[in-house]
Amino acid sequence: MKKIQYLIILLVIFNVIINASGGSLYTRYGVGDAMYNSSTRVLSMGGLGTALQNFDYLSDYNPANWNRINSTRVEASLFVNGLTMKDNANKSTYFKALFNGFKIGMPIERDLGASLVFGLSPESFVQYETVEQKTNTQIDDYTTRYEGKGGLSKIFFGSSLKLPYNFVIGASYDYYFGSIQYNSSLEFLSSSEYEDALVRREKEFRGMGFNVGLLTPDMSPIFNSEKIKDFHLGLTFKYIANLKTDTSLVSGSLLGTKVIQKLPVYTHIPYRFGVGVSFIYDNNYLIIADYLYQPWTKYSFDHKTTDNFQDVHKVSLGIEHRNNMSRFSTFIDQIVLRGGISYEKTQYKFNGTGINQLSLSTGVSLPLSYENSIDVGFLLGFRGTQDNNLIKETIYNLAVSISFGEVWFLRADR
């Protein structure tokens, strides 16, 4: 009962947060900012975690990492995105709260590393608004407003399994859905003889994909060191089939609105590949290093590509410190500390200039009880540049999640 109360508290917090309008103008392109991982723990450690496996957390980045789940786990999280944008003339700050999904994982056969996991998580988000006021024109004063909102989400269902020689494989089936709305409006003063006008473009997406992952057996013996343990290499490959996209165009004025619907077209989102390592150093330090590649130059909408994209390359490094815990450890002993750094060549490119991002992250896990925790992660990022009339952004990401573990369906010994 207490666990249900914790989930209700999380949802109440989500509902009372006030969202300030606006956001990154870069999200206007494609399907917006990609969200590579919905895990608060992973955000605190650089944002990827290809080989990051553990018994007390769930991550949808690499399904092979589910092999160590030893109890039924439930996770739900909230994501708050803060942004300060600055060009050569203006500066603005915005905040946006997002429900960051939930996951449920169950061990099927612990000795075989067989687990089932399903959940809902965001895949991308679009949130921007720009307003320009025109005065002393040949016609009445007016305001132009451009805004966009929405994004992609996925429902996933997958499993992991140990193979011979202690390799681990994992796979998930992903169903993608979502909508993005783009509004352009012309607003005159109430005293003007001109009427306001609105043009709204909408895209609704749906389609499927899959995510497969592989983990090697423990390779720490090759280092011949008592300090290095549980060393694993991880690989992940994600594929999204062409998403069926229903498009519509709505124009509005004083005389009413007119909807122009277009036959479904297809949006192609390129595959994603990741590789990483994970190992324990000196018993208490978990270290991960990762690389991600996604060829966004192959993105297309209605078979049309764009010059505003480049291929994504991201590298990250993370560390986690936890004490040797048991059910009788004190509150302080059960606190877990995390930190990370990442550098990303994002998918955006304008005027021949690539948009890159440097991020620093940190986080903490506060125990509710053994295997149950509240996790908080914070990321500070720097993206873009003011050169070539572009925008420099400072990003503040806060993630809060609740993670529960409980023994269900335990098979009794006979």
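Which residues lie nearest the centre of the largest pocket? They are Asn54, Phe55, Ile280, Glu320 and Arg322, among 19 lining residues. This is a predicted model, where local features need pLDDT of at least 70, side-chain atom pairs count only at pLDDT 80 or more, and totals for chains, interfaces and linings use all residues. Residues are numbered from 1 along each chain as its sequence is written, and side-chain values use heavy atoms, without hydrogens and water.

**Pocket**

A pocket is an open set of points on a 1 Å grid where a 1.4 Å probe fits, with protein on both sides within 12 Å along at least five of seven lines; lining residues have an atom within 4 Å of a point. The largest pocket holds about 340 Å³ of space. Its lining has 7 nonpolar, 8 polar and 4 charged residues. Strand S11 gives the largest share, 3 residues.

**Aromatic rings**

Rings of Phe, Tyr and Trp (its six-membered ring) pair if their centres lie within 6.5 Å; planes under 30 degrees apart are stacked, over 60 edge-to-face, the rest tilted. The count is 14 aromatic pairs. One of them, Phe210 with Tyr239, is tilted, at 5.5 Å and 35 degrees. Phe210 lies in strand S7 and Tyr239 in strand S8, so the pair ties together parts 29 residues apart in sequence. Tyr26, Tyr29, Trp296, Tyr299, Phe309, Tyr348 and Phe350 form one aromatic cluster.

**Charges over rings**

Here NZ of Lys or CZ of Arg is within 6 Å of the ring centre and within 35 degrees of the ring normal.

| Charge | Ring | Distance to ring centre |
|---|---|---|
| Lys154 | Phe156 | 5.4 Å |
| Lys203 | Phe301 | 3.9 Å |

Technical notes
Helix = DSSP H or I, 4+ residues; strand = E, 2+ residues; numbered from the N terminus. Points joined across faces, edges and corners; volume = space filled by probe spheres on them. Nonpolar A, V, L, I, M, F, W, Y, C, P; charged D, E, K, R; others polar.
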